[in-house]
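Subject: Structure handover

Hi,

Here is the structure I promised you. Please open it next to this email and follow along.

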Amino acid sequence: MRVSVIIPVFNGEAFLAQTLRSVLNQTRRPDEVIVVDNGSSDRSVEIAQGFGGIVRTISAPGGGASAARNAGVREATGDAIMFLDADDLLGPTVIEELAAVLERRPGTVACCPWMRFELVGESWLAAPASCAPRRNGHDDLQAWLTGWYHPPCALLWSRAAYEASGGWDPEIKVNTDGDIMMRALIAGVELAPTAGGTAYYRRLPGDAVSLSGKRFTRTGLESRLAVLDRVADRLGEAGRIARYRAALAEAYDGLVRDAGGFPDLRSRALAAATTHGGPEKLRRLRRRLERVTDRARRSMRPPALPPVAARGVSPDRAEPGPERPLVSIIVPTYNRAHLLPRAVGGVLAQTYDRFELLIIDDCSTDNTAEVVEGFGDARIRYIRQPKNGGVSAARNRGLREAKGELIAFLDSDDEWVPEKLARQVELVRRRPDKVGLFYTGVLTYGAEGDRQIEVPVHRGDVWREMLHRNAIHGTSSTMLRREVVEMVGYFDETLPAIEDFDYWTRIARFYEFDFVPDALTIYHNEDQDESAELERRSRNFPANMAARHAYAQRYAPEAKREGVRHLFLLETARRQLRSPVGDSRAAVKALLRAIKNRPAEPRLYMWLLFALLPRGPREAMGPAIKSFRERVVPQRLWFGAGQA
């Protein structure tokens, strides 16, 4: 099944990149993403085009969102279609869950749980869906008429269902999604719910006006009235009006309440409500009885688990208490059976023991499985990948399998001190939900027997910092709240390197960071054979540079806006000049781009002159420059805040 995602956009630069990342980070990526520009005058098109790959941009100026969606459908090649607003977000498993339902129930519209995504203070937080609860005994159309619904971001249309609906009507200005869905339901299309996955409908902040904000204007009320009139007419033509009269009357009564400032529209709505539901007193009595009956039926049911969307975890995942949350520890490993006992031993020695340890074997060819079996601890889960997919794929497998409220990462050649988990869990408990990532200091044992401690310094809003340098030293030091994963998705498996840098940056967009200042994570550099390590770095250098290029492209608009893009480019140039296999021409290009972004920055010109020297003189001057920099020139003046 091919899945097409269609995103109409009009001046949506504030949120479009976030929306696209939520789509591209899906466990089941769509086959194409079509961004339909509706005549934007901002940077929306530039942002969309910057993603490349499966994301393509077409133009359909004017006509509104419905016309743009229809233009997207004409271009789409998918058997299934999702219509996503340019400011909404998808939880990481949404498309996978929805597509699986359509595979089982072709011809339907799959729907998943959804939540509002709104700004509270300075934090984007998820809140319960802002629609009426579905009443007992209501079919899909009755439920939709009486206030229960799913926004477009929570729906995946089969092509057959979309064609049965007749498509989006550009003449309808408000309740466009209700119009197309109710036409589909009248045509016999069924809604097919998923068990999991959560979509997020963004409620715009400040004085930005969403489409729903126009529903009380004259144009909005006329559109809503036209939608209901069409529903009533089609049901009448099909001979099915009797079943839906009460629901129609309730919907028209809603318009009567909202149209107080427009007597002609109120009169039309009141007449329609009376036609379908009888006198006003009778209509009110019928609704009151229905609600009382519905509450009685609900009270007779056994207590249910909280909804998946409200908890952010699927029903089969553990529900730890706030005092002792379950921590899922994800250890990716590949042919490191000789190092694994040290890493696992450090976990089993933790003073905080409420954890599960997921060892994700990335298709090792050594005796990793036998080593794991020898640990003999019920908290360990050994999961072998079907094929070698790299560290991002292994970590993502762990994220999908994890049951914990908190997620911690540990590389198989690293180690924790015994109180690492306990200290971090205590910090998590003390910090508000807007803090999503927690890390520690790192102790590195060098090949020459030296020791170096990396002391964390960045906490709070680290978004600007992450746009030009990785503020987190070591993936093994991190711990996340589960809802962070639900928000930002998984590691990007298409990046050949710095996938952790990218992941922390995506988290920093939505969450604050905090740290335990002590070195609770140990990085063993002494395990590396020096010649083998040099060869490995040389081999990985092109991948690292390619990943940095992709990172720079992905976050270029934000980095420019924050005034730090030149710092990222400077660090890229320094790496090119420092590496034995680096390319000085690439360094010069990066520095020229940095100068274009910040022409008044003196050190960029100093680095450009240095990069233009032949390699021999550069290498000869290197030690002297380093000594001069350390003794005379303040580091912040030479490197700036962007030193990585």
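Start with Arg 105 and Glu 190: their side chains meet in a salt bridge, 2.8 Å from N to O. Keep in mind that this is a predicted model. The pair links distant parts of the chain, 85 residues apart. Arg 105 sits in the loop between helix H4 (94-104) and strand S6 (109-111). Glu 190 sits in the loop between helix H7 (176-186) and strand S10 (191-193). Arg 105 is partly exposed, at 33% relative accessible area. Glu 190 is partly exposed too, at 44%.

Next, Asp 139 and Arg 243. Their closest N and O atoms are 3.0 Å apart, and the two form a salt bridge. Arg 243 is partly exposed, with a relative accessible area of 48%. There is a network as well: Asp 169, Asp 179, Arg 183 and Arg 230 are joined by salt bridges that share partners.

How many salt bridges does the structure hold? The count is 45. One more of them deserves a look. Arg 56 and Glu 32 meet through their side chains at 3.4 Å, N to O. Glu 32 is buried, at 6%. The cut-off for buried is under 20%, so Glu 32 falls below it.

Now the sheet around strand S4. S4 covers residues 80-83. Ala 80 and Met 82 point one way, Ile 81 and Phe 83 the other, and all are buried. In a regular strand the side chains alternate between the two faces of the sheet. S4 has a parallel partner in strand S1 (residues 3-9), with four bridges between them. Ser 4 stands opposite Ile 81 there. S4 also pairs with strand S9 (residues 155-158), in the antiparallel sense and over two bridges. On that side, Trp 157 is the bridge partner of Ile 81.

The largest has 87 residues. Trp 157 is among the residues with the most contacts inside it, and so are Leu 20, Leu 90, Leu 145, Leu 156, Leu 191 and Tyr 252. Which helix gives this core its largest share? Helix H9 (residues 241-258) does, with eight residues. A second, separate core has 47 residues, including Val 485, Val 488, Phe 501 and Tyr 511.

Leu 156 is worth a click. Leaving out residues up to four places away in sequence, Leu 156 touches Ala 80, Ile 81 and Met 82, among others. Its other contacts include Val 3, Leu 98, Leu 102 and Val 109.

Then Ala 273, in helix H10 (residues 263-277). Ala 273 is buried, at 0% relative accessibility. Beyond its neighbours within four places in sequence, Ala 273 is in contact with Ala 249, Tyr 252, Asp 253, Gly 278 and Arg 283. The C-alpha atoms of Ala 273 and Ala 246 are separated by 8.8 Å, and the two residues are 27 apart along the chain.

On the surface, look for a nonpolar patch. Leu 282, Leu 285 and Leu 289 form it, with about 270 Å² of accessible area together. Leu 289 is in helix H11 (residues 280-300).

Last, two backbone points. Asn 175 has a positive phi of about 65°, although it is not a glycine. Asn 175 is in the loop between helix H6 (159-165) and H7, and is partly exposed at 28% relative accessibility. Ile 498 is not a glycine either, and has a positive phi of about 45°. Ile 498 lies in the loop between helix H18 (482-488) and helix H19 (499-510). At 13% relative accessibility, Ile 498 counts as buried.

Best wishes

How values were computed: Residues numbered from 1 in each chain as written. Predicted model: local features only at pLDDT ≥ 70, side-chain atom pairs only at ≥ 80, totals over all residues. Heavy atoms only, no water. Buried < 20%, exposed > 50% of the residue type's maximum accessible area, 1.4 Å probe, protein only. Pairing = 2+ DSSP bridges. Contact = heavy atoms within 4.5 Å. Patch = residues over 30% accessible without salt bridge, like charges linked within 9 Å, V, L, I, M, F, W, Y side chains within 5 Å. Areas by Shrake-Rupley, 256 points an atom, 1.4 Å probe, with all protein chains shown as cover. Salt bridge = Lys/Arg side-chain N within 4 Å of Asp/Glu carboxyl O. Core = buried A, V, L, I, M, F, W, Y, C linked by side-chain atoms within 4.5 Å.
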